[in-house]
Number of protein chains: 2
Amino acid sequence: MTKSNVIKIGLCGFGTVGQGVWKHFARSRAELESRLGVRLEIGAIAVRDLARQRAVKVPARKLTTDPMAIATDPRIGIVCELIGGTTLARKITLAALRAGKIVVSANKALICDHGAEIFATAREHGGHFFFEASVAGGIPIVKALREGLVANRFPQIYGILNGTCNYILTQMEERDEPYENVLSEAKALGYAEADEALDVDGWDAAHKAAVLGWLAHGIWVRPDQMIVEGISRVTPTDFKNAATLGYGIKLLAIINRDFARNELTVRVHPTLLPEGNVIANVNGVYNAISVTGDVVGTTLYIGKGAGQDATSSAVISDITDAVALLRHGKGVHLTSQLALPSDGGVKLAPLERIRCCFYLRLTVQDQSGVLAKVTSVMAKHRVSIASVIQNPSGVKGTASLVLTTHESDEKSMRLTLRQLSRLTSVVDEPLLLRISEFTD
Amino acid sequence: MTKSNVIKIGLCGFGTVGQGVWKHFARSRAELESRLGVRLEIGAIAVRDLARQRAVKVPARKLTTDPMAIATDPRIGIVCELIGGTTLARKITLAALRAGKIVVSANKALICDHGAEIFATAREHGGHFFFEASVAGGIPIVKALREGLVANRFPQIYGILNGTCNYILTQMEERDEPYENVLSEAKALGYAEADEALDVDGWDAAHKAAVLGWLAHGIWVRPDQMIVEGISRVTPTDFKNAATLGYGIKLLAIINRDFARNELTVRVHPTLLPEGNVIANVNGVYNAISVTGDVVGTTLYIGKGAGQDATSSAVISDITDAVALLRHGKGVHLTSQLALPSDGGVKLAPLERIRCCFYLRLTVQDQSGVLAKVTSVMAKHRVSIASVIQNPSGVKGTASLVLTTHESDEKSMRLTLRQLSRLTSVVDEPLLLRISEFTD
């Protein structure tokens, strides 16, 4: 191979993921070069601080503090945007795409907020945008949906998309510890960010659900068009109640398409899942995705959803696909670069029409007649009760009342909830969880 | 799009899978055409009997009884070999590849027996050979190993690769039914072939393990270079014993690479798997594969491993990749068509050196001193006992003796077994199962 046969890669951002890509790329480079028939080189790396000591040693001549210089450098064919955030990351991504480069990204927030603009820019300028690492870390779910399952339409996709939440929920359940304690530990261990809101309030999972929804249905769903609820109000008692009822609790993203009505719903919320379900048994920082296709049936994908190594594996896979494209002309639209499924005119269904069974936990005054009041509110909104569990609440003079319902809709349930929280005998804000009967 | 923009597909074989491909291709064609920017047509179908009534209706002008005519027809760009077997299937495959076509196949026996010849022929004549459907049906595991996990080396891959065996084992366990009864039912239901040997003796799983081994390690391992044992001697009692010990029983294919010694082993055998392991809980006709990569860690893939629909999904995915190739020049070696990993000089380790823990069930004369005789044979071969369970055998005058061992090697265990079966107090051929401690 001659000198001109070198494809150069630029890394914008050299934090955890960037250093992981450098490290694992160094190890696998010879093998990749032999498979691809071309020499590969990480030619430039944009960092914030040239002087900082890093675990990974890199020649000083490769370092720059100007990511935009990498995005527009004609010698660089592939730009990995590993900065995060949506402002500078967007500028760099668009600049690289306008220069006809291939951009590799793990940035779900960016894709979720600016995906339409990014893909339009790529298409207009003959660039490409690869994003395997943006959903479910090392699990090749983007490739599976887009290529491996291309024969399918997808009535249902659901799963655990946020490893931090799954770690916290698993620890709460296994050790009977309250949310706040486990969250503090998770922060100390580096499993949760200093500002945990993006993870624990469900927004990170919502970003990933938006990416999956677009891959599967060709439509961008904004988080404000989804139900998005986090895990902070789940307690160890809820795990015990759920177990009594035969369920585990997981933060799930759920994407449902009703092909008869041609409607789509996307939601992220803590969910009671039958304990025999495989995903109910996926614990710790693992992610898991169940994909139901109309041809293949249900397939399931499990693996580490984040972290330096898993994310690097996905980024290097994208780099390899990008190299194959660059070798044979960027204009080539491979399967991995196909137009996405046409949206087929699909509409978002009103969220209040979503139907499921519910789990409702109330803290009530420990006196007679309260259950009658609660159940009469539910009856008024035609919410039918499936089971009742009454426990001491731990606070003198109050009791914990857990009700599960038969299938109802979000609207009825929200009205019920509003009225219940106004009852004087209900002494704390009610907790509402949703129950799914997914068996695989 | 003009007439000349049509890519024609030929189906050789129109049984269960062929009819499934026709049916699902008809449904998804418009969508695929829109994504790929080309018209697609199943142009010819080779059948054995032109007059046969089929569930799927096809224009008579598309039918032929001559699959070789399809393999060599210059108007056909993609040939799907769905005949099965290894004689005619090989001829058709080689003829199509020599004509520079792309061949799509679900035929693991063919790949296992003639893979080296097939891939060499494809390379020589600029054709391509796609085989996603050959392993694990609808699960896109070939694409995952080859593209999604391209950054990884694979110390361990294992899983359930034969849905028929998994169905039989699941039924035996759940209903406490002997093997023979469940097998008869499975045949009646169409879940097992009239000649069941390929499935239940482990050969089908061995073929698939050979394909995975080649994908992951660039080396062809023949079934006679593997340990291959089937499920026919497992009894409901073994499930009970395994459960007592905290295990389930699955027919697993296990591919281990020791990178320090640079050695590979491939084996297929019924395996005791810790009951908390996700794969231990994959039941019925489902397949499941655990892939451990040195970068990504362990990822897991679960789905239907066979059947008309799941297999069709994989075949249509391959057709789509093939179309993308044909659109842009067959010479383009995409990621999906890369040279495989170099074998890196890996050697097959002698099978007798494989180490694991064992489960040994003996039917013995119900008299004192037998356990002493058995354990002294084991001690002689330095096989250390971990646990002993003694049960009535169900036959008067005999007892069932189950021993588990600490880690030992195949050689010591085989010598032990040979000597044990010569003891007069051992009245039936011993059953040896292997125990794995895989936790994910």
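Colleague: In β18(B), which residue is the bridge partner of B:F358?

Modeller: This is a predicted model: local features need pLDDT of at least 70, side-chain atom pairs count only at pLDDT 80 or more, and totals for chains, interfaces and linings use all residues. Residues are numbered from 1 along each chain as its sequence is written, while chains are lettered from A and ligands numbered from 1 in the order in which they are written. β14(B) and β18(B) pair antiparallel over five bridges. In β18(B), the bridge partner of B:F358 is B:R434.

Colleague: Over how many bridges do β14(B) and β16(B) pair?

Modeller: Two strands pair if DSSP finds at least two bridges between them. Strands (E, at least two residues) and helices (H or I, at least four) are DSSP runs, numbered from the N terminus. In β16(B), B:V402 is the bridge partner of B:R361. The sense is antiparallel, and the number of bridges between β14(B) and β16(B) is seven.

Colleague: Which residue of β17(B) stands opposite B:C356?

Modeller: β17(B) covers residues 408-409 and pairs with β14(B) in the antiparallel sense, over two bridges. The residue of β17(B) opposite B:C356 is B:S408.

Colleague: Within what arc do the buried residues of α12(B) fall, seen down its axis?

Modeller: A residue is buried with 20 or more other C-beta atoms within 10 Å of its own, exposed with 12 or fewer, and partly exposed in between; C-beta atoms are placed from the backbone. In α12 (residues 370-380) of chain B, the buried ones are B:V370, B:V374 and B:M378. They line one face of the helix, because the arc, taken from the directions from the helix axis to the C-beta atoms, spans 65°.

Colleague: Which residues are exposed on the other side of α12(B)?

Modeller: The buried residues of α12(B) pack against β14 (355-365), β15 (385-392), β16 (398-405) and α13 (410-422) of chain B. On the other side, the exposed residues are B:A372, B:S376, B:A379 and B:K380.

Colleague: Is B:L423 buried or partly exposed?

Modeller: B:L423 is in the loop between α13 and β18 (431-435) of chain B. Within 10 Å there are 16 other C-beta atoms, so B:L423 is partly exposed.

Colleague: Which strands stand at the edges of the open sheet in chain A?

Modeller: The sheet has six strands in the order β3-β2-β1-β4-β5-β6, with parallel pairing. Inside that order, β1 (residues 6-12) and β2 (residues 39-46) of chain A pair over seven bridges, with A:I42 in β2(A) as the partner of A:I9. Each edge strand has a single partner, so one side is left without a neighbour in the sheet; the two are β3 (63-64) and β6 (128-130).

Colleague: Which helix gives the largest share of the side of domain 1 of chain A that touches domain 2 of chain A?

Modeller: An automatic or database domain assignment sets the bounds: domain 1 (3-134 + 308-337), domain 2 (142-306) and domain 3 (352-434) of chain A. The contact takes 13 residues from domain 1 and 13 residues from domain 2, where contact puts C-beta atoms, placed from the backbone, within 7 Å. On the domain 1 side, α4 (108-125) and α11 each supply at least two residues. The largest share, six residues, comes from α4(A).

Colleague: Which element gives the largest share of the side of chain A that touches chain B?

Modeller: 47 residues of chain A are in contact with 47 residues of chain B. Elements giving two or more residues to the chain A side are α1 (16-36), α5 (141-148), β12 (297-304) and α11 (308-327). The largest share, nine residues, comes from α11(A).

Note on methods
Contact = placed C-beta atoms within 7 Å.
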